[in-house]
Amino acid sequence: MRIGDLIEVPEIKTVIQLKDLQDSHLQQMILHSFVVTGEVQDSLERILTSFSQPEGRGVFLKGHFGSGKSHFLSMLSLLLRHAESWKVLLDQAPSLENLRKNLRSRRFLVAEISLIQHRSTEFLEDIFLPEIFRELSAQLHEPFEGTDSRQGTFAKIQKTLRDLDFSGMVLLVDELSEFLRSKTATPCASAWGARTSKNWFPTASSLFFPNIGASWISSTTG
């Protein structure tokens, strides 16, 4: 008799990326392999509580390589997109039930953005907006396009979210620190600053439309 005959060790993907959420089998792996430690529960409570607030905000998840940042972001996506995912979470952390109840009546447009798939020469605005357009197009069942101006585009996004009865928008951004670190000082300043305004970066709480509860959560390696 071998040890393998007595013990079953499930296959676990050791490196998780946000794009894994596009695979239903990987979704289940992400969901059922998620472990709620004390620190994880505290972070979930803080972030999920912020979703019930009227103003948007930004959150950075900082951790070393392999510490579970992408897994955490993926779990947030599942909780916001698929209500049935809460059961797996509550089996480990029953005290989060009140948060689930508070968020049950709220809907969020969720966009997952992995910056590892983008060149460092790209502008963040040019990365984020197409992902938002794609999610809105899926909700509308027709292509969503911006206008000729940034202000007009943001206003159109805001109106569409309200028309679709969304409480807000959540952007889950992975590998932000690596994306910025890959730039030299001058290009980084250009890519970050030349396309910004006082209502864009870097003020996290004012990203997009605070009055409809837009939030962004990003992972950074530290």
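Mentor: A helix here is a DSSP run of H or I with at least four residues, numbered from the N terminus. In this predicted model, Ser74 lies in such a run, helix α4, which spans residues 69-81.

Trainee: Why is Ser74 called buried?

Mentor: Buried means under 20% relative accessible area. The value for Ser74 is 0%, so Ser74 is buried.

Trainee: Which residues is Ser74 in contact with, leaving aside its neighbours within four places in sequence?

Mentor: They are Ile16, Gln17, Leu18, Leu21 and Ile30.

Trainee: What does the side chain of Ser74 reach?

Mentor: The backbone oxygen of Ser70, at 2.8 Å. A polar contact needs N or O atoms within 3.5 Å, and the 2.8 Å between Ser74 and Ser70 falls within that cut-off.

Trainee: Ile30 came up as a contact of Ser74. Which residues of helix α2 are buried?

Mentor: Helix α2 covers residues 24-32, and its buried residues are Gln27, Met29, Ile30 and Leu31. Helices α4 and α5 are among the elements that cover them.

Trainee: What makes Asp23 a cap of α2?

Mentor: Asp23 sits at the N-terminal end of α2, where one of its side-chain oxygens lies 2.8 Å from the backbone nitrogen of His25.

Trainee: Next, a strand. Why does Ser114 count as buried?

Mentor: Ser114 has a relative accessible area of 9%, under the 20% limit, and is therefore buried. Ser114 lies in strand β2, residues 108-114.

Trainee: How far apart are Ser114 and Asp174, in sequence and in space?

Mentor: They are 60 residues apart in sequence, while their C-alpha atoms are 4.7 Å apart. With neighbours within four places left aside, Ser114 is in contact with Leu18 and Asp174.

Trainee: How do helices α7 and α8 come together?

Mentor: Two packed helices are described by the angle between their axes and the distance between the axes. For α7 (residues 124-140) and α8 (residues 150-163), the axes come within 12 Å and cross at roughly 35 degrees. The contact uses Glu125, Leu129, Ile132, Phe133, Leu136 and Leu140 from α7, and Arg150, Thr153, Phe154, Ile157, Thr160 and Leu161 from α8. By class, these residues are eight nonpolar, two polar and two charged.

Trainee: Is the crossing of α7 and α8 left-handed or right-handed?

Mentor: It is left-handed. The term applies where the near helix is turned anticlockwise from the far one by less than a right angle.

Trainee: Why are Ile132 and Thr160 called buried?

Mentor: Ile132, in helix α7, has a relative accessible area of 0% and is therefore buried. Thr160, in helix α8, has 12%, which is under 20%, so Thr160 counts as buried too.

Trainee: What does Thr160 touch, not counting residues up to four places away in sequence?

Mentor: Thr160 touches Leu136, Leu140 and Phe144.

Trainee: Why is His141 called exposed?

Mentor: Exposed means over 50% relative accessible area. His141 is at 73%, so His141 counts as exposed. His141 lies in the loop between α7 and α8, and has a positive phi of about 60 degrees although it is not a glycine.

Trainee: Is Glu175 buried or exposed?

Mentor: Glu175 is at 17%, under the 20% cut-off, so Glu175 counts as buried. Glu175 lies in the loop between β3 (168-174) and α9 (176-181). Its phi is near 65 degrees, a positive value in a residue other than glycine.

Trainee: How much of the chain counts as buried?

Mentor: Of the 222 residues, 45% count as buried. The chain has 10 helices and four strands.

Trainee: How do you know how far to trust the model?

Mentor: pLDDT is the predictor's confidence in each residue, from 0 to 100. The chain averages 81, and 80% of the residues score at least 70. Where pLDDT is low, the predicted coordinates should not be read in detail.

Technical notes. Residues are numbered from 1 along each chain as its sequence is written. Side-chain values use heavy atoms; hydrogens and water are left out. Axes are lines fitted to C-alpha atoms, for helices over the stretch in contact, and angles run from 0 to 180 degrees between N-to-C directions. Helices (H or I, at least four residues) and strands (E, at least two) are DSSP runs, numbered from the N terminus. Contact means heavy atoms within 4.5 Å. Ala, Val, Leu, Ile, Met, Phe, Trp, Tyr, Cys and Pro count as nonpolar, Asp, Glu, Lys and Arg as charged, and the others, Gly among them, as polar. Buried means under 20% relative accessible area, exposed over 50%, partly exposed in between (1.4 Å probe, protein chains only). A polar contact is a pair of N or O atoms within 3.5 Å; within protein, one must be able to donate a hydrogen and the other to accept it, and residues adjacent in sequence count only if both atoms are side-chain atoms.
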